[in-house]
Amino acid sequence: MMVPAVLMLLAALTAVAAPRLIARADWPDREPVVALWAWQCVVAAVLLCCALSMTLSAADAWQAVRGHVFAPAPRAVVEAYALGSTGPWAAATAVALACGGLWSGAMLVREIVRARNRSRSRRTVLRLRAPLLPGEEATTGGLVVLEGERPDAWWLPGAAPRLVVTTAALQRLKGRQLDAVLAHEQGHAQARHDWLLHSSSALATGFPQIPVFAAFRDEMHRLVELAADDMASRRFGRLTTALALVELNEDRGVFGPSPTPLAHVPQRVKRLLTPPDRLSAARRLRLTATASVVPVIPVLVTLVPGLRALG
């Protein structure tokens, strides 16, 4: 049980130390994409340690599992992993971790089902409020204009993603400001941010007592907005993007003294209006090297065609 215990200790240390180190750093707000990678790697490392600990514990407890896991390995490897005798807690550890893995999968499936139901409901409302004209077909990435008194814009993911903007937004946003808002929403779609949000929400909901998963969810919601802001500002300028954010949100009370669910908007505007202090290429390379585990969520969504239609 020595190696599984060490892996669990490593997972616990990573879950406690890594979020604190990232929270104390000043670079995540300047480089949100790097921060997204770092956070995904932290969570992937925690989950990988748990999965390896479960596998080795099961191999320690049950000869059949050991035979499958270490069948091609030399005896010296088996001895190095201290699998010569069954530890008293091996079976309980393996079962507990397996149940945790199944629960994580169930939470992810539930989050995906809920997201699909929400998307289906919003598409139904969209069809009612903006029906297709005779002979018109829904196109991937098509722009839909809705009648609305509140300026708003959002990306509706799915098999046929749609970019939705209200008439109030078209009336209020000036010139390139509208282009910046649309670029922001397209940035979310291109980076598959919806899958990051689904996965982080599933972990935080399934394991509410584990702080690293709650921090992962909160940071994903914040960092994806910063990353999309940067995508828009690179094309249309930081000032234009900041003014577009102000125009979209000034009627929602986000710039007042009372906290609102959109309290992060003033910080985003201030960040865009502050002269950028980007990381040097060498430091960015070092940060990326520390996150050497490839984030699995965007890669899976990109490489597995069946997942693209589940958003």
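Start by selecting Thr-55, which sits in helix H2, residues 32–61. Helices here are DSSP runs of H or I with at least four residues, strands are runs of E with at least two, and both are numbered from the N terminus. What you have open is a predicted model, in which local features need pLDDT of at least 70, side-chain atom pairs count only at pLDDT 80 or more, and totals for chains, interfaces and linings use all residues. Residues are numbered from 1 along each chain as its sequence is written, and side-chain values use heavy atoms, with hydrogens and water left out.

**Around Thr-55**

Now show Ala-51: its backbone oxygen is 3.0 Å from a polar atom of the Thr-55 side chain. Then pick Thr-93, which is 38 residues from Thr-55 in sequence, with 9.8 Å between the two C-alpha atoms.

**The cysteines**

Next, select Cys-49 and Cys-50. The Cys-49 sulfur has its closest cysteine sulfur in Cys-50, but the 6.9 Å between them is too far for a bond. A disulfide is a pair of cysteine sulfur atoms within 2.5 Å, and a search of the whole structure turns up 0 of them. Cys-49 is buried, at 8% relative accessible area. Click on Cys-41 too: Cys-41 is buried, with a value of 8%.

**The other end of H5**

Jump to Arg-129, in helix H5. Arg-129 is partly exposed, at 46% relative accessibility. Which residues does Arg-129 touch, leaving aside neighbours within four places in sequence? They are Leu-146, Glu-147 and Gly-148, where contact means heavy atoms within 4.5 Å. Glu-147 is 18 residues from Arg-129 along the chain, and their C-alpha atoms are 7.8 Å apart.

**A cavity**

On a 1 Å grid over the protein atoms alone, a cavity is a set of points where a 1.4 Å probe fits but cannot get out; a pocket is an open set with protein on both sides within 12 Å along at least five of seven lines; lining residues have an atom within 4 Å of a point. The search finds 1 cavity of 30 Å³ or more.

**The largest pocket**

Now go to the largest pocket, with about 1,300 Å³ of space. It is lined by 45 residues, and those closest to its centre are Trp-154, Trp-155, Glu-185, His-188 and Glu-225. Among the elements giving two or more residues to the lining are strand S2 (153–156), helix H9 (211–236) and helix H10 (238–249). Which element gives the most? That is H7, with 8 residues.

**Zoom out**

Of its 311 residues, 41% count as buried. Among contacts between residues at least 6 apart in sequence, 65% join residues at least 24 apart.

Technical notes:
Buried means under 20% relative accessible area, exposed over 50%, partly exposed in between (1.4 Å probe, protein chains only). Grid points are joined across faces, edges and corners, and a volume is the space filled by probe spheres set on the points. A polar contact is a pair of N or O atoms within 3.5 Å; within protein, one must be able to donate a hydrogen and the other to accept it, and residues adjacent in sequence count only if both atoms are side-chain atoms.
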